[in-house]
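This report describes how the parts of the structure shown below are joined.

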Amino acid sequence: MAKRKRIGMEVALAAAEAVGMCNVDVAAVYPITPQSHIAEHLSELVADGKTDTEYVTVESEHTSMSVCIGASATGARAYTATCSQGLMLMHELLPIASAMRCPIVMSVANRPVNAPLNILSDHSDIMPQRDSGWIVIFSENGQEVVDLTLMAYRIAEDKDIMLPVIIGIDGFILTHMVEPMEFPDQKEIDKFLPPYKPYATLHPDKPLTMGAFAMPDFFPQMMKAKDMALLNSKKTIVKVWDEWERKFGRRYRPVETYRTEGAETILVTMGSMSETAELGVDELRDKGVSVGLVKIRLWRPFPSDELKVAVKDARVLAVMDRAVSPGTGGGPVFTDIKAVFYGEDSRPIIVNYVMGLGGVDVTVGDFVKMGEKAAKAKKEEYEFYGVMG
Amino acid sequence: MSIVENFDLYAPRLIDKGEYFSMGHTGCAGCGEALATRLVLKGLGKDTIVSNATGCLEIISSRYPTTAWEIPWIHVAFENAAAVAAGVESGLKALRRKGRIPDRDVKSVSMAGDGGTADIGLQALSGAMERGHDMIHVCYDNEAYMNTGIQRSSQTPFGAWSTTSPPGEVSFGQRTWKKNIPEIMVAHNVAYVATANPSYPLDLIRKVEKARKLKGPSYIHCLSVCPTGWRMDSSLTIKVGRLALETGIFPLYEVENGKYRITVDMPEPLRPVEDYLKLQGRFRHLRPDKIEEIQARVNLEIKKLMNKVNYIQSWEELG
């Protein structure tokens with residue numbers, strides 16, 4: 001593997017740079033904080049002729065996804081990016097994009113959802129999209145954003161998958177951070193990611209009807225097909241990640257672990273807080289608390305089997321949710337993880353800390369405190385960490 | 001001889017014999033929208049991709065695994081037909097430039113009802129027209145949300161019954177006048193805007209052909225008589241469509257580079273609006289004072305239109 005130069009760059013710009021390397025045919029992006037630097041930088045790349053892309057300056061996120069679906073249906077590689085209210089506005093179209101098997105890629109600069117308005121960071125925007133049938137992958141740092149973006153179309157356009165992909169990039173905490181990153185050469189990417197070869201396209205040479213309506217005679221089959229495609233996508237996703245590791249040396253897994261060997265208590269995180277959590281785990285280990293960390297990288301399809309293996313010897317799981325699932329009695333990641341263990345003979349105690357809402361910093365000290373508390377847990381807990389009242 | 005009397009003589013030579021909207025769709029008897037679609041597609045020809053909004057047209061033509069569409073067609077949602085068509089146009093443009101599809105002019109066309117155009121779809125339409133995509137938007141205006149059961153829209157005429165503008169003890173039906181969408185499209189500096197009516201098939205097809213030839217966005221607002229929603233005899237579709245013109249209620253005109261032109265002459269004097277209203281159950285409850293009010297408004301609207309026809313110069317003339 002060639003030694004590459006690392007360069008310092010804001011992560012949002014790096015995301016746009018990575019998109020610019022993917023030979024995207026159509027991009028339709030509506031600016032929203034903290035995604036806006038992606039929208040701006042991608043338009044600069046197009047303006048400078050660095051990527052041959054039709055950049056559609058849409059009037060809303062609903063239209064950005066509509067444009068992506070229309071473009072994808074013609075056989076074009078389509079890209080968009082959004083977050084928060086923008087993601088909520090395009091929500092209607094997400095299950096359509098997946099059911100119509102449009103391999104669109106979307107960067108989501110995770111941000112809270114109103115009200116109250118808050119432009120900072122948490123996972124409240126992605127959670128209402130859980131059942132939209134998209135593959136959802138979370139990134140932890142700038143290098144991961146670059147790598148995961150460059151791999152996204154390979155995954156989305158794989159003939160065994162043909163589903164759209166979201167790359168989660170925590171707003172501000174990641175998007176606006178300047179980090180050292182390395183980029184593969186364009187030639188290597190062109191080899192890794194050939195132009196999109198669609199199954200079926202809208203063209204008069206072979207007229208097709210797309211998006212027909214279905215009555216009960218066909219509707220359930222279509223829903224089943226989509227679910228099976230999403231469930232089956234995991235093995236192909238891992239295959240693509242393996243190829244990336246062979247070529248570029250960085251390894252990605254649906255569930256990743258940090259110092260879990262022999263750990264009695266395992267913290268579970270997703271997104272940018274994972275790196276901070278690693279430092280918390282180091283500190284706890286230094287103090288003699290038997291704690292490890294499990295990071296959920298692949299949020300959909302949910303990596304149930306990998307999670308079971310990763311935490312098999314743990315007494316307690318402490319799930320850190322950066323979103324609320326109101327009325328459920330736990331955060332969204334927590335409830336999903338509980339479901340994984342329902343059928344198991346021996347189950348860990350699972351506690352849930354909802355934290356980092358609306359951009360609240362979660363520090364190493366916070367992970368130490370939560371780790372210590374979780375290590376003593378006797379039963380299930382659900383707590384808004386650090387929230388008064 | 002009027003254009004309609006000429007029809008039998010010239011039609012075989014003037015109209016594309018290809019059928020791109022097939023028989024066997026599930027439209028109601030006398031559906032003006034299905035008829036209009038068939039004619040619009042004849043004007044467009046086979047190198048066309050249609051993006052269809054949710055609505056009657058989509059539902060009568062696309063029950064899986066059947067289709068009435070002999071050309072490529074896509075439906076995504078209700079309010080975004082123009083946005084999807086913009087995506088189709090952008091996709092074709094990029095792929096053609098990169099040599100991945102044949103280097104041929106394929107037109108992207110969005111189609112929607114009055115809801116998908118004038119109400120829930122107005123933002124997407126405005127965005128697409130403003131950005132200047134090479135596309136046509138065709139609105140089939142049947143003057144209410146027919147697919148969901150005849151609820152009022154911004155295109156439902158003043159005084160008309162609908163299931164959400166019912167006349168009652170303290171109501172005479174729809175309280176508002178039609179929002180003028182062609183005029184809103186003109187305000188987007190679109191190079192070609194026209195009204196159309198399948199009761200005048202040659203005029204309709206000629207307008208579609210004109211829009212088809214243009215580079216850039218254009219807009220066609222097509223009256224679609226709906227016997228089901230208008231509460232009328234399904235054999236009267238063509239007749240009621242003609243009365244819409246002869247009473248001045250739905251004039252046929254085009255706006256080309258800013259220049260207004262009447263394309264089908266209206267009788268002088270215009271027939272009374274009552275001739276049009278009395279054939280439709282949706283107006284049956286109207287008292288004479290309301291009919292007078294409608295007559296006065298139609299007279300005014302025709303004067304407003306003729307004022308534009310007579311005095312507004314084209315962009316070339318002004319330039």
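In this predicted model, three salt bridges are counted between domain 1 of chain A and domain 2 of chain A. A:E144 and A:R297 form a salt bridge in which the closest N and O atoms are 2.9 Å apart. The interface of domain 1 of chain A and domain 2 of chain A also holds twelve residue pairs in polar contact, both residues of each pair being at pLDDT 80 or more.

On the side of domain 1 of chain A that touches domain 2 of chain A, at least two residues each are supplied by β6 (135-138), α6 (142-156) and α8 (219-248) of chain A. The element that gives the most to this side is α8(A), with six residues. Sorted by class, the side of domain 1 of chain A that touches domain 2 of chain A comprises 15 nonpolar, seven polar and six charged residues.

The domain assignment places domain 1 of chain A at residues 7-248 and domain 2 of chain A at residues 255-384. Their C-alpha centres are 27 Å apart. Contact between them involves 28 residues of domain 1 of chain A and 29 residues of domain 2 of chain A. About 2,300 Å² is buried between the two domains, and carbon and sulfur atoms give 56% of this area. Of the area that domain 1 of chain A buries against domain 2 of chain A, 31% is supplied by A:R130, A:E140 and A:K234, more than by any other three residues.

The table sets out values for both interfaces.

| Interface | Area buried | Share on carbon and sulfur atoms |
|---|---|---|
| Domain 1 of chain A and domain 2 of chain A | about 2,300 Å² | 56% |
| Chain B and chain A | about 3,400 Å² | 60% |

Chain B and chain A each bring 45 residues to their contact. Eight salt bridges are counted between chain B and chain A. One of the salt bridges joins the side chains of A:E54 and B:K93, with an N to O distance of 3.5 Å. Across the interface of chain B and chain A, 20 residue pairs are in polar contact, both at pLDDT 80 or more.

Two or more residues each are given to the side of chain B that touches chain A by β1 (48-52), α3 (56-61), β2 (73-75), α4 (81-97) and α6 (122-131) of chain B. The largest share of that side, twelve residues, belongs to α4(B). By class, the side of chain B that touches chain A has 22 nonpolar, eleven polar and twelve charged residues.

Strand pairing also links the chains. Strand β9 (residues 209-210) of chain A pairs with β2(B) in the parallel sense over two bridges, and A:T209 has B:W73 as its bridge partner in β2(B).

This pairing belongs to an open sheet of nine strands with mixed pairing, in the order β9(A)-β2(B)-β1(B)-β3(B)-β4(B)-β6(B)-β5(B)-β7(B)-β8(B). At the edges stand β9 of chain A and β8 (259-262) of chain B, each with a single partner strand, so one side of each has no neighbour in the sheet. Within chain B, strand β3 (residues 107-113) and strand β4 (residues 135-141) run parallel and are joined by six bridges. The bridge partner of B:A112 in β4(B) is B:C139.

How values were computed:
Residues are numbered from 1 along each chain as its sequence is written. Chains are lettered from A and ligands numbered from 1 in the order in which they are written. This is a predicted model: local features need pLDDT of at least 70, side-chain atom pairs count only at pLDDT 80 or more; totals for chains, interfaces and linings use all residues. Side-chain values use heavy atoms; hydrogens and water are left out. Contact means heavy atoms within 4.5 Å. Buried area is the accessible area (1.4 Å probe) that two parts lose on being put together, summed over both. A salt bridge is a side-chain nitrogen of Lys or Arg within 4 Å of a carboxyl oxygen of Asp or Glu. A polar contact is a pair of N or O atoms within 3.5 Å; within protein, one must be able to donate a hydrogen and the other to accept it, and residues adjacent in sequence count only if both atoms are side-chain atoms. Helices (H or I, at least four residues) and strands (E, at least two) are DSSP runs, numbered from the N terminus. Ala, Val, Leu, Ile, Met, Phe, Trp, Tyr, Cys and Pro count as nonpolar, Asp, Glu, Lys and Arg as charged, and the others, Gly among them, as polar. Two strands pair if DSSP finds at least two bridges between them. Domain bounds come from an automatic or database domain assignment.
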